[in-house]
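Have the sequence and the model open while reading.

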Number of protein chains: 2
Amino acid sequence: MGLPVRKNNASIPPTCPLSESMALLRGAWAPNVIWYLSAGPRRFGELRHDIPRISARVLSARLRELESRSLVTRRALDSSPPSAEYALTELGRELLPAIQALANVGEKVMARRAS
Amino acid sequence: MGLPVRKNNASIPPTCPLSESMALLRGAWAPNVIWYLSAGPRRFGELRHDIPRISARVLSARLRELESRSLVTRRALDSSPPSAEYALTELGRELLPAIQALANVGEKVMARRAS
DNA sequence: CTGAATCCAGTCGGATACTG
DNA sequence: CAGTATCCGACTGGATTCAG
């Protein structure tokens, strides 16, 4: 398969496994979204509250992207405050070990800095 | 510690372990650089060759950033083609399990798509 | 509450040319 | 070989506003 030749598209660097998964996690907030969905389905507002300082616009954009990459599913609930519920797909869950590993490193770094 | 209030700085989203490590890996190529350094020290040109389609400018920028974050060390060799050797620090090596996990997912995805 | 639209700034990355 | 300097397009994300 010839590489898709796109100009200025940071999302498709080389064709290697690592870039493959990095492309899935595109956007600074994507990993966080997945992370906060790992415990189970969450609603938009909950996620927004979970993830400190994320703007609605970005959260929405990330969710739509993750949905388009089949990492997340969206289920609209027609309750009477309208709401939507997001959940991880199997593929999304496959990223959890990697994200967990990243979080572990971050924790170490933070702990080290605090001490 | 009050959060540093910066505008439009994608590199410091919230203060959580996950973002901590994502900040270390900032830049689409950073994980690849670390990945290709995992087997041992490499020279600039080698890295450039290892990592398909990375430009010298970006590789240079990534290496300097990774160096400033203490993930990578740079050692100038005054041989007579001048050369430089880059290597992972301990901190850099700590990211390897996470990067490995990401690569594993990418591999799975690629294999699945190929079949 | 959900989430799309607009406006705007900062950053990343590619191409190219050039220095030591 | 190892970088740096420009120029430039693209994308991300923040703030605000608005609609269903």
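Which side chain has an N or O atom 2.3 Å from a phosphate oxygen of DNA strand C? It is the side chain of Arg62(B). This is a predicted model, in which local features need pLDDT of at least 70, side-chain atom pairs count only at pLDDT 80 or more, and totals for chains, interfaces and linings use all residues. Residues are numbered from 1 along each chain as its sequence is written, chains are lettered from A and ligands numbered from 1 in the order in which they are written, and side-chain values use heavy atoms, with hydrogens and water left out.

**DNA strand C**

Around DNA strand C there are 25 residues (near means that a heavy atom of the residue lies within 4 Å of the strand). Arg64(A), Arg74(A), Tyr86(A), Ala28(B) and Arg62(B) come nearest.

Elements here are DSSP runs numbered from the N terminus: helices are H or I with at least four residues, strands are E with at least two. Chain A brings α3 (44–50), α4 and β3 (83–88), and chain B brings α4; each supplies at least two residues. α4(B) gives the most, with four residues.

By class, the surface near DNA strand C has nine nonpolar, seven polar and nine charged residues. Ala, Val, Leu, Ile, Met, Phe, Trp, Tyr, Cys and Pro count as nonpolar; Asp, Glu, Lys and Arg as charged; the others, Gly among them, as polar.

**DNA strand D**

DNA strand D is surrounded by 24 residues. The closest are Ala28(A), Arg62(A), Gly45(B), Arg74(B) and Tyr86(B).

α4(A) gives the most to the surface near DNA strand D, with four residues. That surface holds nine nonpolar, seven polar and eight charged residues.

**Phosphate contacts**

The table lists polar contacts, meaning pairs of N or O atoms within 3.5 Å.

| Residue | Part of residue | Phosphate oxygen of | Distance |
|---|---|---|---|
| Gly45(A) | backbone | DNA strand C | 2.7 Å |
| Ala28(B) | backbone | DNA strand C | 2.3 Å |
| Arg62(B) | side chain | DNA strand C | 2.3 Å |
| Trp29(A) | backbone | DNA strand D | 3.4 Å |
| Arg62(A) | side chain | DNA strand D | 2.3 Å |
| Tyr86(B) | side chain | DNA strand D | 2.5 Å |

Two or more residues of the surface near DNA strand D come from each of α4 (56–68) of chain A and α3 (44–50), α4 (56–68) and β3 (83–88) of chain B.

Definitions and conventions. A polar contact is a pair of N or O atoms within 3.5 Å; within protein, one must be able to donate a hydrogen and the other to accept it, and residues adjacent in sequence count only if both atoms are side-chain atoms.
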